[in-house]
Amino acid sequence: MKTGEELAPLEIAVTRTLIVAGAIASRDYQDVHHDAELAQEKGSPDIFMNILTTNGLVGRYVTDHFGPSAVLRRVAIRLGAPNYPGDTMVLSGTVTSVADDGTAEVSIVGDNGIGRHVTGSVTVGVPEGSA
């Protein structure tokens with residue numbers, strides 16, 4: 001693990017099932033995350049992914065890279081373009097700093113077919129010999 005290290009991109013198919021399951025798992029019952037007709041009435045072309053699902057996917061992306069002993073210390077994200085069903089989100093990341101205690105800061109972006117869905121940073125603890 002070193003500053004400048006790039007994480008391999010991860011392509012995630014944005015399916016209707018993923019959007020609805022993520023909303024249910026995070027107890028976000030807003031209709032725009034599961035009811036296409038009501039989402040359209042509110043001005044959206046379709047249902048869209050909630051921030052908690054994106055947050056979980058970003059965390060998974062980082063821990064998949066650093067391994068099962070990696071511990072998320074902080075996840076800070078901002079959403080942009082919505083993730084709609086039928087699209088693909090591609091996550092990519094770069095290690096921006098590494099501390100002596102094995103903590104790394106990782107810059108994350110996620111793009112879909114209409115633009116940048118997510119930007120943010122993740123602080124992850126990686127025990128010595130794990131990464």
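Predicted model: local features only at pLDDT ≥ 70, side-chain atom pairs only at ≥ 80, totals over all residues.
Two strands count as paired if DSSP finds at least two bridges between them, and strands here are DSSP runs of E with at least two residues, while helices are runs of H or I with at least four, all numbered from the N terminus.

Residues are numbered from 1 along each chain as its sequence is written, and side-chain values use heavy atoms, with hydrogens and water left out.

**The overall picture**

- The protein has three helices and five strands, and from the N terminus on these elements follow the order β-α-α-α-β-β-β-β.
- Along the principal axes, the C-alpha trace spans about 50 × 25 × 20 Å.
- Of the 131 residues, 40% are buried; buried means under 20% relative accessible area, exposed means over 50%, and partly exposed lies in between (1.4 Å probe, protein chains only).
- Taking contacts (heavy atoms within 4.5 Å) between residues at least 6 apart in sequence, 64% join residues at least 24 apart.

**The sheet**

- The five strands form an open sheet in the order β1-β3-β4-β5-β2, with antiparallel pairing.
- Because β1 and β2 stand at the edges with a single partner strand each, one side of each has no neighbour in the sheet.
- On average, neighbouring strands of this sheet are turned by 20 degrees against each other, direction ignored; axes are lines fitted to C-alpha atoms, for helices over the stretch in contact, and angles run from 0 to 180 degrees between N-to-C directions.
- β1 and β3 run antiparallel and are joined by seven bridges. Glu11 has Val90 in β3 as its bridge partner, and Val14 stands opposite Asp87 in β3.
- β3 and β4 also pair in the antiparallel sense, over eight bridges. Their hairpin has four residues between the strands, and Gly102 takes a positive phi near 85 degrees there.
- Helix α3 lies across β1, β2, β3, β4 (103–112) and β5 (115–125), and runs at about 135 degrees to β2.

- In α1 (residues 16–25), the buried residues are Ile19, Gly22 and Ala23.
- These residues cover an arc of only 100 degrees around the axis, so they sit on the same side of α1; the arc is that of the directions from the helix axis to the C-beta atoms.
- Their packing partners are β1 (6–14) and α3 (51–66).
- On the face turned away from the buried side, α1 carries the exposed residues Thr17, Ile24 and Ala25.

**The loop between α1 and α2**

- Arg27 lies in this loop, just after α1, and is exposed with a relative accessible area of 68%.
- Arg27 has a positive phi of about 60 degrees although it is not a glycine. Most residues other than glycine have a negative phi.
- Asp31 is found in the loop between α1 and α2 as well, but is buried, at a relative accessible area of 17%.
- Not counting residues up to four places away in sequence, Asp31 touches Leu38, Lys42 and Ile47.

**The loop between α2 and α3**

- Met49 is found in this loop and counts as buried, at 3% relative accessibility.
- Leaving aside neighbours within four places in sequence, Met49 contacts Val14, Leu18, Ile19, His33, Thr54, Leu57, Asn83 and His117.
- Met49 and Ala21 are 28 residues apart along the chain, and their C-alpha atoms are separated by 9.7 Å.
- Phe48 counts as partly exposed, at 22% relative accessibility.

**One aromatic pair**

- The structure holds one aromatic pair; rings of Phe, Tyr and Trp (its six-membered ring) pair if their centres lie within 6.5 Å, with planes under 30 degrees apart counted as stacked, over 60 as edge-to-face and the rest as tilted.
- The rings of Phe48 and Tyr84 have centres 6.5 Å apart and planes at 90 degrees, so this pair is edge-to-face.
- Phe48 lies in the loop between α2 (36–41) and α3, and Tyr84 in the loop between β2 (71–79) and β3 (87–98), so the pair ties together parts that are 36 residues apart in sequence.
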